[in-house]
Amino acid sequence: MAIIEELNIVEESNNANPPELEADEEGDIFYESEEYQQEELQKLMTEATEFKLKGNTHFGRGEYKQAIEQYEHALMTCPLSLAKERAVYFANIAACHMKQNEYKDAKDMCTQALKSDPTYSKALLRRAQANEKIGSYTAMSEALDDYKKLKAQANDQYTLKECTRAERELPIKIKVQMEKEKEEMMSKLKDVGNTILGKFGLSTDNFQFTQDPSGSGGYSVNFVNK
């Protein structure tokens, strides 16, 4: 996604020095809408809405990259203090990424939307769906957390149905994925161990791991001469 910069015009008096502005961590400078007069603020809001409508048209045609460009233009135009409007633009970009199976980007855009408006349920639902599609143990665990949070504030049948389905299906999927990732990790560790032990004429097969029967989660290690 292109870097989004906010370039807003600041009215200056003839006798005043330009205000010193601080850049964010990415080096972009943002201006607050309080620096605008009402007429100029209304103009920016109108322009941002026009960009959003163009984006919606592209989205309806399946032109998702073009739609993202228009939503980004809306973000560049919309003042920072209009948090709910900005949340919509971020969530719309997320929807475009979802359509293109770009789930990591969709998740990130939903997180940006929720930073602007923590109560925006549509962004919370899309983030949960994106994390579920990512499918890792961590992502699905985060998805389940979002679905549970969303269920408490769901006000439509589709969202409630999705939350109920997720609470039923995800715990099983999370457990399976955890075991899968654990096996993959152990396989990688075994490969590293064999590389090191091979220098001494040994392998990981010479070591027997036995889980503690007490249920503590620990293991005992025994050397086996093979």
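Let me start with a definition: rings of Phe, Tyr and Trp (for Trp, its six-membered ring) pair if their centres lie within 6.5 Å, and the planes count as stacked under 30 degrees apart, edge-to-face over 60 and tilted for the rest. With that rule, this structure holds one aromatic pair. The partners are Phe 59 and Tyr 64, edge-to-face, with 5.3 Å centre to centre and 70° between the planes.

Before I go on, a word on what we're looking at. This is a predicted model, where local features need pLDDT of at least 70 and side-chain atom pairs count only at pLDDT 80 or more, while totals for chains, interfaces and linings use all residues. Residues are numbered from 1 along each chain as its sequence is written, and side-chain values use heavy atoms, with hydrogens and water left out.

Okay, the overview. Helices (H or I, at least four residues) and strands (E, at least two) are DSSP runs, numbered from the N terminus. On that count the protein has seven helices and two strands, and along the sequence the pattern reads α-α-α-α-α-α-α-β-β. For accessibility, buried means under 20% relative accessible area, exposed over 50%, and partly exposed in between, with a 1.4 Å probe and protein chains only. Of the 226 residues in the protein, 33% are buried. And contact, whenever I say it, means heavy atoms within 4.5 Å. Taking contacts between residues at least 6 apart in sequence, 49% join residues at least 24 apart.

Now to helix 3 and helix 4. Two packed helices are described by the angle between their axes and the distance between the axes. The axes here are lines fitted to C-alpha atoms, for helices over the stretch in contact, and angles run from 0 to 180 degrees between N-to-C directions. So how do helix 3 and helix 4 pack? Helix 3, residues 83–99, meets helix 4, residues 103–116, at an angle of about 170°, and their axes are 8 Å apart. That makes the two helices roughly antiparallel; the cut-offs are under 35 degrees for roughly parallel, over 145 for roughly antiparallel, 65 to 115 for roughly perpendicular, and oblique for the rest.

Who makes the contact? On the helix 3 side the residues include Ala 83, Ala 87, Phe 90 and Ala 94, and on the helix 4 side they include Tyr 103, Ala 106, Met 109 and Ser 116. The residues of this contact divide into twelve nonpolar, three polar and two charged. In that scheme Ala, Val, Leu, Ile, Met, Phe, Trp, Tyr, Cys and Pro are nonpolar, Asp, Glu, Lys and Arg are charged, and the others, Gly among them, are polar.

Let's zoom in on Ala 87, which sits in helix 3. Ala 87 is buried, at 0% relative accessible area. Its C-alpha is 5.4 Å from that of Ser 116, 29 residues apart in sequence. Leaving out neighbours within four places in sequence, Ala 87 is in contact with Ala 113, Ser 116, Asp 117 and Tyr 120.

Staying in helix 3, we come to Cys 96. Is Cys 96 buried or exposed? Buried, because its relative accessible area is 0%. Phe 59 itself is partly exposed, at 25% relative accessibility. Another cysteine, Cys 78, is buried at 1%.

Next, the loop between helix 3 and helix 4, where you find Asn 101. Most residues other than glycine have a negative phi. Asn 101 has a positive phi of about 60°, although it is not a glycine. Asn 101 is exposed, with 54% relative accessible area.

Last stop, further along the chain. Ala 130, in helix 5 (residues 121–134), is buried at 0% relative accessibility. Beyond four places in sequence, Ala 130 touches Met 98, Tyr 103, Ala 106 and Lys 107. Then Met 140 in helix 6, residues 137–151, is buried at 5%. Among the residues that Met 140 touches, beyond four places in sequence, are Asn 131, Leu 170, Ile 174 and Gln 177. For Gln 177, which is 37 residues from Met 140 along the chain, the C-alpha separation is 9.0 Å.
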